[in-house]
There are 2 protein chains.
Amino acid sequence: MKYDVIGIGNAIVDVLAPAEDSFIEAEGLTKGSMTLVDAEQATALYGKMGPAREISGGSVANSCAGVASFGGKAAYIGRVCDDQLGNVFVHDLRATGVDFPSKRGAPSGPSTAHCLILVTPDAQRTMSTYLGACVELGPEDVDPSLFSEAKITYLEGYLWDPPRAKQAMQKAADAAQAAGGKVALSLSDAFCVQRHRESFNELIEKSVDLLFANEEEILALTQCSSFDEAASAIQGRAKTVVITRGAKGCVVIEKETITPVAAAKVQQVVDTTGAGDLFAAGFLYGYSQEMSVEECARLGALAASEVISHFGARPEKALQSLL
Amino acid sequence: MKYDVIGIGNAIVDVLAPAEDSFIEAEGLTKGSMTLVDAEQATALYGKMGPAREISGGSVANSCAGVASFGGKAAYIGRVCDDQLGNVFVHDLRATGVDFPSKRGAPSGPSTAHCLILVTPDAQRTMSTYLGACVELGPEDVDPSLFSEAKITYLEGYLWDPPRAKQAMQKAADAAQAAGGKVALSLSDAFCVQRHRESFNELIEKSVDLLFANEEEILALTQCSSFDEAASAIQGRAKTVVITRGAKGCVVIEKETITPVAAAKVQQVVDTTGAGDLFAAGFLYGYSQEMSVEECARLGALAASEVISHFGARPEKALQSLL
């Protein structure tokens with residue numbers, strides 16, 4: 001196999017700025033969540049935000065960068081525009097060692113997506129995403145031969161939002177399955193799950209081997225009111241289900257077993273952006289190397305602990321050096 | 001007066017990435033210095049650099065952001081293009097509270113300038129600047145009425161490089177002097193001084209009240225071989241000369257006195273980008289409030305110590321809160 005992991009997701013540049021809780025409230029944003037905004041809303045919010053820094057992001061793109069940082073071979077499919085932020089996104093991904101075979105949208109089309117991320121003093125992030133060029137992603141961006149060359153195909157839940165991306169996801173999953181590869185899915189966000197619950201459930205039944213979710217997302221998916229109920233409800237519906245619980249670590253649910261794994265220690269949590277993405281990176285890398293699920297979860301915890309110790313959703317240190 | 005400080009300089013977005021010393025060497029760059037590159041060279045170097053983050057920069061723009069962060073009133077004149085990085089530059093400056101009255105270059109013209117900054121493990125920065133839209137700055141960008149409304153007009157030495165910017169600088173200095181304002185100049189970089197020594201000397205004689213330089217720059221300007229010789233040579237040529245000496249602090253040279261002031265303590269030096277710019281910010285803010293030169297230098301040291309404790313050349317904390 002040419003790749004350990006090939007990911008498909010919304011290609012986004014993050015625009016990160018510190019903000020007070022009062023600002024999140026005044027803007028009517030839901031702390032800790034991701035909201036989709038149009039170009040006008042994005043411009044209005046940006047105009048009120050403090051000085052920011054631009055760092056490449058995108059949930060599954062962050063995970064692919066993490067896999068490469070562990071020494072894995074990764075590729076990423078996503079749509080950016082042929083503009084300055086598109087250059088930034090493509091450069092940063094390739095510079096981490098991730099293949100980026102996607103073609104880019106014309107400069108006259110929607111601009112590269114960006115996500116306005118407000119980081120509050122408690123290190124939580126609140127995200128407002130303008131999808132821009134991501135809406136152009138469609139099945140024509142999925143070359144099945146590429147996806148048949150990967151041990152794991154990793155799908156981003158957020159891709160359920162742009163209209164034609166769902167077809168691209170299903171095509172990628174089908175190609176992976178036909179070639180005997182594993183299919184992994186991240187639920188991305190509780191509101192995203194609420195928007196698309198039924199089709200997520202269908203995809204999981206039909207195609208998903210490895211499911212990543214946090215507590216709110218798994219409650220939203222299963223419509224249960226407690227974690228234990230939700231864990232029972234999801235058990236066996238994908239071969240492996242990994243539920244992250246922040247500082248409490250994670251739980252790996254397989255057909256016969258439920259395995260809790262502790263989080264890694266962090267000196268100072270600066271910005272939780274990318275915690276879930278980098279957890280997935282570590283887990284996916286371990287999974288591609290056929291490690292035990294406990295070992296996979298430990299790599300995930302390690303990667304997450306690195307990324308929350310600084311601003312931005314991609315590792316600053318080579319994750320391989322932390323092993 | 002409407003403004004404490006009005007600055008004029010090259011409007012630049014920084015592209016910062018960690019790099020090993022071996023990379024600086026292999027690329028034939030001079031560590032710690034600023035080199036001008038054309039679009040092709042910039043693209044080639046960017047292609048080889050690691051994943052980066054984009055943070056607004058520009059030497060005097062950083063200083064203006066610092067003045068505002070101390071609670072001073074500041075404005076900035078510089079040229080960006082009407083493109084995405086131009087939006088980033090203008091947003092970040094305005095969001096710090098700095099007025100930005102300059103018009104922007106057409107999207108069909110050269111793009112917003114960017115500076116590729118390689119930060120080595122010793123926290124030193126090595127800069128390669130593509131001037132882009134900065135070459136469009138000219139005397140027509142200087143509205144004399146604006147410069148007559150500032151206690152201090154702050155000129156960037158780097159502006160000697162784009163061909164017509166020198167005329168803009170002289171026009172700004174003349175307007176400030178005619179209105180009884182002070183004129184400050186940063187020498188910016190030792191190689192920049194070597195490129196323009198004669199005209200720097202003319203400007204200092206004719207117009208400069210307050211001169212900022214580091215040790216290498218003052219040696220380059222005076223063509224002396226020791227710091228003490230250079231200090232004697234420059235004494236009295238501007239009313240106040242401030243020479244920064246890194247961890248050794250700074251020396252303030254006035255007609256009758258030479259006053260050394262210690263640096264502020266820093267827990268961990270992460271990235272020295274912006275150290276000189278933020279030192280100038282603190283000094284200029286104090287100067288505009290008619291503090292003693294020792295007090296001005298102490299504010300400078302405080303601002304410099306904040307900016308070298310993180311990536312990027314602008315303060316992350318409100319400098320006012322450090323007073």
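Predicted model: local features only at pLDDT ≥ 70, side-chain atom pairs only at ≥ 80, totals over all residues.
Just after α4(B) comes G97(B), with a positive phi of about 100°.

Stay in chain B and look at strand β5, residues 74-77. Is it covered on one face or on both? On both. A74(B) and Y76(B) are buried on one side, A75(B) and I77(B) on the other. Its partner is strand β1, residues 3-8 of chain B. The two pair in the parallel sense, over four bridges. To find the pairing on screen, go to I6(B): its bridge partner in β5(B) is A75(B).

Now the two chains together. How does chain A relate to chain B? A rotation of 180°, with 0.0 Å of shift along its axis, superposes chain A on chain B, and the RMSD is 0.0 Å. That is the relation of a two-fold axis. Where does chain A come nearest to that axis? At E54(A), whose C-alpha is the nearest in the chain, 2.4 Å away.

Next, the contact itself. It takes 19 residues from chain A and 19 residues from chain B. On the chain A side, β4 (53-56) and α4 (84-95) each supply at least two residues. Which element gives the most? α4(A), with six residues. By type, the chain A side divides into eight nonpolar, six polar and five charged residues. And 100% of the interface residues of chain A are also interface residues in chain B, so the copies meet through the same surface.

β4(A) is joined to β4(B), residues 53-56 of chain B, by three bridges. Those strands run antiparallel. One pair to look for: I55(A) has R53(B) as its bridge partner in β4(B).

Over to chain A, and helix α6, residues 165-178. At 1.5 Å a residue, its 14 residues should span 20 Å; the end C-alpha atoms are 20 Å apart, which agrees. Which residues of α6(A) are buried? A165(A), A168(A), M169(A), A172(A), A173(A), A175(A) and A176(A). What do they pack against? Within chain A, β1 (3-8), α5 (144-147), β8 (150-156), β9 (182-186) and α8 (197-207). Just after α6(A), G180(A) takes a positive phi of about 80°.

Two of those packing partners also pair with each other. β8(A) and β9(A) run in the parallel sense over five bridges. T153(A) has V183(A) as its bridge partner in β9(A). How covered is β9(A)? Five of its five residues are buried. K182(A), A184(A) and S186(A) take one side, V183(A) and L185(A) the other.

A quick stop at E149(A). It sits in the loop between α5 and β8 of chain A. Buried, exposed or in between? E149(A) has 18 other C-beta atoms within 10 Å, so it counts as partly exposed. Leaving out residues up to four places away in sequence, E149(A) touches M1(A), K2(A) and Y3(A). G181(A) is 32 residues apart from E149(A) along the chain, yet their C-alpha atoms are separated by 8.2 Å.

Last one: helix α12 of chain B, residues 293-307. With 15 residues at 1.5 Å each, it should span 21 Å, and its end C-alpha atoms are 21 Å apart, which agrees. How many of its residues are buried? Eleven of the 15, so call α12(B) mostly covered. Among them are C296(B), R298(B), L299(B), E306(B) and V307(B). The buried residues of α12(B) pack against α3 (59-69), β11 (240-244), β12 (250-254), β13 (258-261) and α11 (275-288) of chain B.

That's the tour. Questions, please.

Key
Residues numbered from 1 in each chain as written. Chains lettered and ligands numbered in written order. Least-squares fit on C-alpha atoms with pLDDT ≥ 70 in both. Contact = placed C-beta atoms within 7 Å. Expected span 1.5 Å × (residues − 1). Buried ≥ 20, exposed ≤ 12 C-beta atoms within 10 Å, placed from the backbone. Nonpolar A, V, L, I, M, F, W, Y, C, P; charged D, E, K, R; others polar. Pairing = 2+ DSSP bridges.
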